[in-house]
Amino acid sequence: MTVFVGRTAELAALRRAADQARAGHGTAVLVTGEAGIGKSTLVDRFTAGAGLPVLLGRAGDDGAPALWPWRRILRSGQDQGIAGLDPDTLLPGPSSDPSAGRIPVAQFEVLDRAARALLAAPAAVVVLEDAHWADPASLRLLRHVCADLAGSHLVVVCTVRDPDGAAPLPEALGDLPNATELRLGGLTSADVAGYLRGATGRPVDPARVDRVHRQSGGNALYVRELTRLEQPPGDAPPPEGGDVAPGGGNPLHDSGSPLGGEPGPATRLPAELRRVVEARLSRLSPACRSLLGGCSAIGAEIDPALLTEDDRESLLAEAVAAGVLVEDAAPGGRLRFAHDLVRQARYETMTRTERLTWHRRLADAVHDDPAALARHRLRAAVDAPSRRAAADAAHAAATEAARRFAFEDAARWLDQALTVAADDPELILAAAEAEYRLGRIDAALRRCLDGPFGTADLAARAAVVVRGVGGGASPAVLTLCARAEALLGDERSARRARVLAQRAFIEASLGSESTTPGAGRATAGEPTAAPGARSAGGAAGTAALALALAEEAGDPIAVIDAMHAMKEAVAGPDQFAEQLALGTRMIELGAREDRPDAALWGRIWRIEASLLLGATSVFQHELLALEELADRLGWPVARWHAARGRATAAWLAGDAGAAARHIDHAHTIALRMQDISAYWQYYAFMTALLRRTGGDLPGLRETLAGAAHVPIADAFAVGYLFEQGPDAADAAFARFDRLRAALPDLPRDALWLPVVASTGEAAVLAGDLGVVGTCLRELTPYAGLHVNSVSGCYGAVSRFLGVLAGALGRRDEAVAHLEAAETMERRVASAPELVLARLELAAALIARGAPGDRTRAGRVARAAVDGARRLGLRPLLRRGEDLLAGLDRDVALTAREREVAALAAEGRSNREIAERLTLSERTVETHVRNALAKLGCTNRTQLAARFSGGTEEKGAVLRPR
């Protein structure tokens, strides 16, 4: 007879979740509580009666590769004949995309494929044991699956341990989509009594119940171990985990330990439990206890083949008979401890000599498994030779993890390698590279700056670890370049080419002053970019030398780095053809040399150039390719660029909500990347968005006030501040004054066009006609371009030209430019900027006042109002309504025409109007036709809109002209 005590309400909750999954409403349940409280026994009880296939995986296997628990889950589904579930789905493989080259499949694509396979499965229970020990990739897959559970037939159950039964969930699990928490407390006294009766098969003394309950604190594992300890030697031991199961301490599944090895001082067991386990193990033979020491050193899963052969099977059989070990439910003939706390207790009671002996022996047995080998070598590292062996093994494990794009695992192994070989420059460089891949820019730079890189080769390699990152990282990177160049001298080599390319990239990013808001400055003694670094003799010259050296050396990696620097040096509006060509060449190089980072930058460059040119089809093609590449690589910098591209595409389509969501996602990635330039580009995009949509971003005014006083920061802030009203006027004029002073010396780089366009627009608002004329003259050669980028979209240059010409009283020129702007925005399908172009055109037509201009202005303004209302562009809507209201006031309708038009707007026919006003139908028809013409309407529907109160909402006044 099976005995299960307590947990009635919790079991019912899990069964309800299974019923929902059968009905197509998948869900997730996190079963939480302290170690031994009964999480896994509850889950076992539930799955045994769920009537659904059970897919089981466990986290916490020491040294297991990323996604190991999900491989077990998929294998379990495959063994049960569920179509589409294959553990090899989680293995990296070659790309099938010929345009991107043979690029290894990275984790994001792997996770997406695995998630889709699971979500398409028939009704089943997915059990992830000990999710608190899961590796980062496994947690990402869990989130991926849970995000789309609502329409699936899965119930996902995770057991999660917390230290004291009351702690909050781990951060990665705290906001899991479609998940609820089921927290377990201790067993009651009645539960303990029920368990004792079932375990012993006889009535129990109430005093014993009280004692066990008090000593165990209701912890189910403690209850079980105390019961075993007190079992009379002549009696048969109680059944283990099947016939008798308190609501806790599942012998098959409740196990796990943190990645990295055995428990340390911070995780030592309570003395009471250790004494209970020691007493229980004392009943075993000395040889069996010794073998269990080796088992505890192996990890959560015990492969008997790793143990010595002498009496191995008989000793394991003794441990299984005593209930200390159990056979794993998964195939493969492996064993497990009845509970991981029992394993931990056995490990802690071994002497240091015993532990070292076992780890050395196990290291020799697992030589073909890099992760397991590294784990045991690290545990056996006590002298110089063993420390060297441990460092090499950990480095090899990190290399294997990086090959699988599991950079979290790689960083962890390298950190452990450095604990035994802290001054090894190869390990430090590898660790810095892993940190960079994870987006931990500060940590990567610190390793490169502090490492023992005294040779030319090491210094050159350290200088190029952090690539493609400017802003606050720039001073540190320049310091690394200077150190390397001092050691390299004038040698003509690929390594010097890479260092020169790195320096050219940073110098082109910085120019004569930092153009990134909040960018760090070099400290005393550190090199900075020289004035004019963006000129042909500055960054461009350095990049050209780097490219020549790289091509001379025939090193494709150095060529790629040099091209990256060259692109940054030719990023101005006059060189868009070069940018497109460089992007194409980078993509081709990336494919030929199997360098996904080259393909990444090539796609980004072509996106930037296509937005400048208004080449919509190129932008869309490159964005799709970039998104696919980012999904493969999983690199933070790639995902950041892809998210910004999605935000830009959404904004151009007029979907402000989607644009905000994508840019928020990019901002989240940027914060993890620790790149200050990425942080500020979020605010650049948001100010552009809010100027069109209205709304608010908490703290934006304060954030803009804290932005560095550099042209690009002033440019993206000045228009927003002018539009905030009188209380922001001082800040707006201060920004404008700085822009006006900087205008003559602006480097003609990628930032030149938005800075000059914004300065001209601000000059109109500030009434500075001198600056207006300067900006009009400077921008005129670029009339066919757009001030659009993934950092913010401001529309066609022709719109700016029209506004500037209008401010100078050049009415015909203003209308011509704005007509061109309207055509350009229609061509690129930029819905918000088309609305603004039409508003500016309507205002210019009204200002010019030529015959037919006011009628045409009415038509254009109504089209703008319709678009603004549809897209939710509140400031533009108010402006359009003000324009129409002004036209209404100025239109010379006669009293009779206004009377007839008002009745027609109510939907009355000509006959009804004629009867009401005692007029002929022909006269009514004439009045209606005159009113339509004067108001610029083409039909009665538009007439009704004019008379229906559509211009009631008034808020913003027209900007001064």
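Colleague: What stands opposite G33 in strand 5?
Modeller: R161 does. Strand 2 and strand 5 pair in the parallel sense over seven bridges; two strands pair if DSSP finds at least two bridges between them. Strands (E, at least two residues) and helices (H or I, at least four) are DSSP runs, numbered from the N terminus.

Colleague: What kind of model, and which numbering?
Modeller: This is a predicted model, in which local features need pLDDT of at least 70, side-chain atom pairs count only at pLDDT 80 or more, and totals for chains, interfaces and linings use all residues. Residues are numbered from 1 along each chain as its sequence is written, and side-chain values use heavy atoms, with hydrogens and water left out.

Colleague: And strand 6, how many bridges join strand 2 to it?
Modeller: Five, and the two strands run parallel. V29 stands opposite T180 there.

Colleague: Which residues of strand 2 are buried on each side?
Modeller: T27, V29, V31 and G33 on one side, A28, L30 and T32 on the other. Buried means under 20% relative accessible area, exposed over 50%, partly exposed in between (1.4 Å probe, protein chains only). In a regular strand, side chains alternate between the two faces of the sheet.

Colleague: What is the strand order in the sheet?
Modeller: 3-4-5-2-6, an open sheet of five strands with parallel pairing. Strand 3 (54-58) and strand 6 (179-183) are at the edges with a single partner strand each, so one side of each has no neighbour in the sheet. The twist averages 20° from one strand to the next.

Colleague: What does helix 1 touch?
Modeller: Helix 1 (residues 8-22) packs on the sheet and touches strand 2 (27-33), strand 5 (154-161) and strand 6. Contact means heavy atoms within 4.5 Å. Its direction makes about 150° with that of strand 5; axes are lines fitted to C-alpha atoms, for helices over the stretch in contact, and angles run from 0 to 180 degrees between N-to-C directions.

Colleague: Switching to helix 8. Which residues are buried?
Modeller: In helix 8 (residues 206-216), R208, V209, V212 and S216. They cover an arc of only 105° around the axis, which puts them on the same side of helix 8; the arc is that of the directions from the helix axis to the C-beta atoms. P206 and R214, on the other side, are exposed.

Colleague: What follows helix 8?
Modeller: G217, with a positive phi near 65°.

Colleague: Last one: T693, buried or exposed?
Modeller: T693 counts as buried, at 11% relative accessibility. T693 lies in helix 30 (residues 676-693).
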